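Good morning, and thank you for the time. I would ask everyone to have the sequence and the model open while I speak.

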Amino acid sequence: MTGRRSDAERNYRRILTVAEAEIAELGAAASIERVARTAGLGSATVRRHFPTRQALLEAVFAERAQALQARAAELTGESDSRAALLAWLRDFTDYAVSARGFADVLAYEPPAEVGGDAEAAAASSSCGTTLEAALAPLLSRAQRDGAARPEASCHDLVTAVAGIALATEQHRDPAGQAARLLDLFVEGLSPRG
């Protein structure tokens, strides 16, 4: 945000604050127009900062993706690679279930071929890309130790957690059901010795 005018910076922060509340209430269905109206701004102002709903969702959840990235870095030093991987997957699942809209941000199919510098920059800073990069050392180490299936990819795991969060969103006990599904998934990924 360097070089951004102070009023533009204020608008950006206001939009994010309002978007966080709207997304907490409505999930990924929160509209840019409603965010603009609630923030007291025009939709063109919101779209200057966030041209798509996906861009707005990514910005709202970027901080949490970075926190999960920091958590992965902490766990990388753990002696038990399986326990470290599973601890991170549980933290990730807990957040994905508790934060409406987060799983929607992650439920993406990356393009087969990224074109243009703007697209490459956007893809490299997405929440999914951040999480996959954070997960890579944990998964790689678990695979080297024989504690995770060798064919599993970071994208597979991020997609699975997003799917679990989406599948349990309307459940009467989303967190409990998500934990149960994650346990079932984990047994397939990393069966106990």
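How close do the axes of helix 8 and helix 9 come, and at what angle do they cross? Before I answer, please note that this is a predicted model. The two axes come within 9 Å of each other, and the crossing angle is roughly 115 degrees. The crossing of helix 8 past helix 9 is right-handed. On the helix 8 side, the residues that meet helix 9 are Leu-131, Glu-132, Leu-135, Ala-136 and Leu-139. Helix 9 contributes Cys-154, His-155, Leu-157 and Val-158. Sorted by class, this contact has seven nonpolar residues, one polar and one charged.

The secondary structure comes to ten helices and zero strands. Of the 193 residues, 40% count as buried. Among contacts with a separation of 6 or more, 65% are between residues 24 or more positions apart.

I turn next to the nonpolar core. In soluble globular proteins, nonpolar side chains tend to be buried together. Here, the largest nonpolar core has 57 residues. The residues with the most contacts inside that core are Phe-61, Leu-85, Trp-88, Phe-92, Phe-102, Leu-131 and Leu-135. The helices that each supply at least two core residues include helix 4 (53-75), helix 5 (81-98), helix 8 (127-144) and helix 9 (154-168). Helix 1 (6-26), helix 2 (32-39), helix 6 (102-106) and helix 10 (174-189) also each supply at least two.

Leaving aside residues up to four places away in sequence, Phe-92 touches Leu-68, Phe-102, Leu-106, Leu-131, Val-158 and Val-161. Leu-135 belongs to helix 8. Is Leu-135 buried or exposed? Leu-135 counts as buried because its relative accessible area is 0%, and the cut-off for buried is under 20%. With the same exclusion of sequence neighbours, Leu-135 touches Leu-85, Trp-88, Cys-154, Leu-157 and Val-158.

At 8% relative accessibility, Ala-134 counts as buried. Beyond residues up to four places away in sequence, Ala-134 touches Gln-69 and Ala-72.

For helix 9, consider Thr-159. Thr-159 counts as partly exposed, at 36% relative accessibility. Thr-159 and Leu-106 are 53 residues apart in sequence, and their C-alpha atoms are 7.0 Å apart.

Finally, helix 1. This helix has 21 residues and reaches 30 Å from its first C-alpha to its last, close to the 30 Å expected at 1.5 Å a residue. Which residues of helix 1 are buried? They are Ala-8, Asn-11, Tyr-12, Ile-15, Leu-16, Val-18, Ala-19, Glu-22 and Ile-23. An α-helix has 3.6 residues a turn, so residues three or four places apart point the same way. The buried residues of helix 1 pack against helix 2, helix 3 (43-49) and helix 4. After helix 1 comes Gly-27, with a positive phi near 70 degrees.

That concludes my remarks, and I welcome discussion.

Notes
Residues are numbered from 1 along each chain as its sequence is written. This is a predicted model: local features need pLDDT of at least 70, side-chain atom pairs count only at pLDDT 80 or more; totals for chains, interfaces and linings use all residues. Side-chain values use heavy atoms; hydrogens and water are left out. A nonpolar core is a set of buried Ala, Val, Leu, Ile, Met, Phe, Trp, Tyr and Cys residues joined through side-chain atoms within 4.5 Å. Buried means under 20% relative accessible area, exposed over 50%, partly exposed in between (1.4 Å probe, protein chains only). Helices (H or I, at least four residues) and strands (E, at least two) are DSSP runs, numbered from the N terminus. Contact means heavy atoms within 4.5 Å. Axes are lines fitted to C-alpha atoms, for helices over the stretch in contact, and angles run from 0 to 180 degrees between N-to-C directions. A crossing is left-handed if the near helix is turned anticlockwise from the far one by less than a right angle, and right-handed if clockwise. Ala, Val, Leu, Ile, Met, Phe, Trp, Tyr, Cys and Pro count as nonpolar, Asp, Glu, Lys and Arg as charged, and the others, Gly among them, as polar. The expected span of a helix is 1.5 Å times one less than its number of residues.
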